[in-house]
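Here are a few friendly notes to read beside the model. Take them one at a time, and keep the viewer open as you go.

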Amino acid sequence: MGASEIHHRLDLLVRLIDTTTGDEVEERNVRFFEGERPVAPISRGSGNYVFLNCGREDRDLEVKAYGYESCTVNVRYDRLDEKMPFCEAFLIPSENAAGGQPVITFSGTLPGITGIQAADARSTGCSISSFDERRRIMKLFKSSRTGMDSVYYALLHPDRQNFEPFEVVKEMPGNAVKLQKPLAEPFQVNNPIARIIFGKVWPDGSYVLRVRDDAEKLIYMIRYEVQGETKFRTVDMRRAGEMKLEKEDGKWDNS
């Protein structure tokens, strides 16, 4: 009798990311759904889940993890790497998760909003030194030896009170990183860099964004898309309950 062989194909890898820290979600009480049907990927630890031999049809996966808001991952294979199809699910911590670190919520309703994200306006750990547009190499000034352990970052423009999102492909020698795309906006040397914090929006125009309550001053630049336009607000998260997004650019007095 000939030996039988079992072949497994990796059809999708999903990594769960805590929006407030950028760290992988280590919570083990995690469920996945495709529509109403539960699906069961294999946990590989550190927030990684693999789907084997499930086919490569586009799908929407709902992720429910204890201590986090539910999240929908839109899997579109024409946007994924054929050899390693990989998606990230950005999970927003619940306000009253048992044992979780305290968070501050910024929420409201704005008709036409399609996206919301934020960056710490007081970030000081890393800044831009120079940028080679042809090679897409950004050189950095760092106040510590820590690396850029995420993918999604913001180059802050304090003078304009906005930021440009960018994606890191890989770290390079000599305090440098390679970007997915060239920068599109002018910058000044020493403009700070901060990790992007993703929020969530719903079709009815409601939105929510949460940050860790871990500092005396919590000033954030918020970037949001409404009716096809990109807007910015600078928000004191200590006063988040008093503030709402509007259709016009602007800022509040954060003194």
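1. How many residues lie between S13 and S14 in their hairpin, and which residue in the turn has a positive phi? There are 4 residues between the two strands, and Gln161 in the turn has a positive phi of about 55°. Strands here are DSSP runs (E, at least two residues), numbered from the N terminus.

2. Before going on, a word on the source: this is a predicted model, where local features need pLDDT of at least 70 and side-chain atom pairs count only at pLDDT 80 or more, while totals for chains, interfaces and linings use all residues. Residues are numbered from 1 along each chain as its sequence is written, and side-chain values use heavy atoms, with hydrogens and water left out.

3. S13 (residues 152-157) runs antiparallel to S14, and 6 bridges join them; strands pair if DSSP finds at least two bridges between them. To find your place, look for Tyr153, which stands opposite Phe166 in S14.

4. Now follow S14 onward. S14 also pairs with S15 (residues 176-179), in the antiparallel sense, over 4 bridges. Met172 has Ala176 in S15 as its bridge partner. These two strands form a hairpin with 3 residues between them, and Gly174 in the turn has a positive phi of about 75°.

5. Next, please look at Asp11, in strand S1 (residues 10-18). Asp11 counts as buried because its relative accessible area is 0% (buried means under 20%, with a 1.4 Å probe and protein chains only). The side chain of Asp11 makes a polar contact of 3.1 Å with that of Arg56, and a polar atom of the Asp11 side chain lies 3.2 Å from the backbone nitrogen of Asn53. A polar contact is a pair of N or O atoms within 3.5 Å; within protein, one must be able to donate a hydrogen and the other to accept it, and residues adjacent in sequence count only if both atoms are side-chain atoms.

6. Which strand gives the largest share of the lining of the largest pocket? That is S8, with 6 residues. S7 (71-75), S8 (86-91) and S14 (162-172) each supply at least two lining residues.

Key: Buried means under 20% relative accessible area, exposed over 50%, partly exposed in between (1.4 Å probe, protein chains only).
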